[in-house]
Amino acid sequence: GGTVDPYGYLLDAARRLGNAEQDGLAVEVGTSVGRGAAALAELYAYSLGVDRSFPAVLAARRLLLESPEPLHAYRLETERGRWEQRRSQPPPGGERLDYLAGSGAELPLTGGQAACVAALNVLCAVADPASLVTEFSRVLEPGGLLLVASPYWSDAGDGDGQWAGPESLRRLLAGDFDVVAEEDMVPWLLRLARRRWNVYLSHCVVATRR
């Protein structure tokens, strides 16, 4: 009870279950505009957000790193066809954080380099989730944390049955990971406008690399 959203659940697990010093590198795959990677930067020595969308990575860098130029405002649709300008809250310093455009299935890391890998609402949106899990296993150090959330709803059109629910993830993790925490039906809300939201129910899993 009391879980706010998948980010809150998984980041709380990282605080509780990560190594005592919280050192090392954290990686968020599918970072979008960088919310998860920024939160992980507060827990680990360095955080890297990776996304295959260049516009998303550019927005993340502008918002959180003020590079290549600051982003101080955004537009919010308050009613149908009506928009308001809102100011962005300045983020904490970005010296422990960066973003890059790339594939989660081919991360620019050596084996065992990461202390934590997070993938929120990503695995169900790709055609080959097993390749991502294999890559997560490769880059994680022994004992490293894997933080995964999925609403099991996809635009990918994969339709092959390999990613249909919690059992799908458990099968993918069984070879290299031990599940240490899990919670299903965690609400995930996306605001589209002031009076319009999308609501998903996510399955959250925390696992350690053997």
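The largest nonpolar core in this predicted model has 26 residues. Those with the most contacts inside that core are Val27, Val117, Phe136, Leu146 and Leu173.

| Element | Residues |
|---|---|
| strand 1 | 25-29 |
| strand 2 | 46-51 |
| strand 6 | 114-120 |
| helix 4 | 129-139 |
| strand 7 | 140-150 |
| helix 5 | 166-173 |
| strand 9 | 196-209 |

Setting aside neighbours within four places in sequence, Val27 is in contact with Leu48, Val50, Leu109, Ala114, Cys116, Val117 and Ala118.

There is also a second, separate core, this one with 24 residues, including Tyr44, Ala115, Trp188 and Tyr200. Two of those names come up again when you look at the rings. What does a search of the whole structure find in the way of aromatic pairs? It turns up one. The partners are Trp188 and Tyr200, in a tilted arrangement with 5.0 Å centre to centre and 35° between the planes. Trp188 belongs to strand 8 (residues 177-193) and Tyr200 to strand 9, so the pair ties together parts that are 12 residues apart in sequence.

Another ring worth a look is that of Tyr7: the charged end of Arg35 sits over it, 4.0 Å from the ring centre.

Now for the chain as a whole. Its secondary structure comes to five helices and nine strands, and from the N terminus on the order is α-β-α-β-α-β-β-β-β-α-β-α-β-β. The radius of gyration is 17 Å, close to the 17 Å that the globule rule gives for 210 residues, so the chain is as compact as a globular protein of that length. Along its principal axes, the C-alpha trace spans about 50 × 40 × 35 Å. Of the 210 residues, 43% count as buried. Taking contacts between residues at least 6 apart in sequence, 68% join residues at least 24 apart.

How far to trust all this? The chain averages a pLDDT of 87, and 90% of the residues score at least 70. Among the elements, strand 1 has the highest mean pLDDT, 97, while strand 3 (residues 73-79) has the lowest, 79. Where pLDDT is low, the predicted coordinates should not be read in detail.

Notes. Residues numbered from 1 in each chain as written. Predicted model: local features only at pLDDT ≥ 70, side-chain atom pairs only at ≥ 80, totals over all residues. Heavy atoms only, no water. Core = buried A, V, L, I, M, F, W, Y, C linked by side-chain atoms within 4.5 Å. Buried < 20%, exposed > 50% of the residue type's maximum accessible area, 1.4 Å probe, protein only. Helix = DSSP H or I, 4+ residues; strand = E, 2+ residues; numbered from the N terminus. Contact = heavy atoms within 4.5 Å. pLDDT = per-residue confidence, 0-100. Phe/Tyr/Trp six-rings, centres within 6.5 Å; stacked < 30°, edge-to-face > 60°. Lys NZ or Arg CZ within 6 Å of the ring centre and 35° of its normal. Rg over C-alpha atoms; globule rule 2.2 N^0.38 Å.
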